[in-house]
Amino acid sequence: METKVVIFDLDGTLYDNRGLASYLIFMNIFHLNLLGAERMERKNISGTHYGSAEELLSDLFSRISSRTGRKYESVKRWYTKKYLLKQARALSFFFKAKPWVKPMLQDLKKRGIKTVCFSDYGAVEEKLGGIGLNAKLFDLVIDAPTAGGLKPCRESFLRIAEIMNVRPSEILVLGDRQDADGKGAALAGMRFMLVSRDSSKVPDIKSFLK
């Protein structure tokens, strides 16, 4: 099957994100209860289809609010004005894109294959910039809430196929997590390649491009 689109996960795939959690804890030292609740509730809603970012985030904020006793608006303000932007800031200080990423994107463009950056978190363009990548290197940059549900939500992967106007079978997904990227790809009928977090290991995707 011809590959017309390659979807790249962001965290752990385009850069080695080991150590990021420690930086986020330090940068959210006064909001550790919110940070912990966000991780727990994010896991609880993973794979659920909401249909829109508004509905997904509303539920996520409500869950965090209930778990921590913090007001909904306070949770929303922390998440949108601090947490996501601190992720991007941490990346700009301590992380960079794996050396094979730009050459692979350039090669795919020469082949006429479109590329997508698909992240479970928002502020994708800011995070790409943090690791030294211009969002314009991709044909589409999208976060899971906007697509309708956190990975491995089947509908989110299918939404990308719809936007790119290709069949799911014509899409290759590259990701570092079998339970999120791999499962979502399988549910949507897309092909998948597991990517090592080790920056020196270049994904050999040639067999998928025939």
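Glutamate 41 is buried, since its relative accessible area is 6%, where buried means under 20% relative accessible area, exposed means over 50%, and partly exposed lies in between, as judged with a 1.4 Å probe and with protein chains only. The model in which this residue sits is a predicted one, so local features need pLDDT of at least 70 and side-chain atom pairs count only at pLDDT 80 or more, whereas totals for chains, interfaces and linings use all residues. Residues are numbered from 1 along each chain as its sequence is written, and side-chain values use heavy atoms, with hydrogens and water left out.

The side chain of glutamate 41 meets that of arginine 63 in a salt bridge, with 3.2 Å from N to O; a salt bridge is here a side-chain nitrogen of Lys or Arg within 4 Å of a carboxyl oxygen of Asp or Glu. Helices (H or I, at least four residues) and strands (E, at least two) are DSSP runs, numbered from the N terminus.

Aspartate 59 counts as partly exposed because its relative accessible area is 25%.

Elsewhere in the chain, aspartate 107 forms a salt bridge with arginine 111, the closest N and O atoms being 2.9 Å apart. Aspartate 107 is partly exposed at 33% relative accessibility, and arginine 111 is partly exposed as well, with a relative accessible area of 47%. Salt bridges that share partners also join Glu41, Asp59, Arg63 and Arg67 into one network, and the count of salt bridges by this rule comes to 14.

What does a charged residue reach when it is buried yet has no salt bridge, as lysine 86 is? Lysine 86 lies in helix 4 (residues 72-94), and its side chain reaches the backbone oxygen of methionine 27 at 2.8 Å. The nearest side chain of opposite charge, that of glutamate 38, is 13 Å away, where Lys and Arg count as positive and Asp and Glu as negative, while His and the chain ends are not counted. Leaving aside neighbours within four places in sequence, lysine 86 is in contact, meaning heavy atoms within 4.5 Å, with Leu24, Met27 and Asn28.

Phenylalanine 30 lies in the loop between helix 1 (20-27) and helix 2 (32-45), and phenylalanine 30 counts as exposed because its relative accessibility is 73%.

The last stop is leucine 137, which is found in the loop between helix 6 (124-130) and strand 3 (140-143). Leucine 137 counts as partly exposed because its relative accessibility is 32%, and, not counting residues up to four places away in sequence, leucine 137 touches Lys102, Leu105 and Thr115. The C-alpha atoms of leucine 137 and glutamate 2, which are 135 residues apart along the chain, are separated by 22 Å.

Methods:
A polar contact is a pair of N or O atoms within 3.5 Å; within protein, one must be able to donate a hydrogen and the other to accept it, and residues adjacent in sequence count only if both atoms are side-chain atoms.
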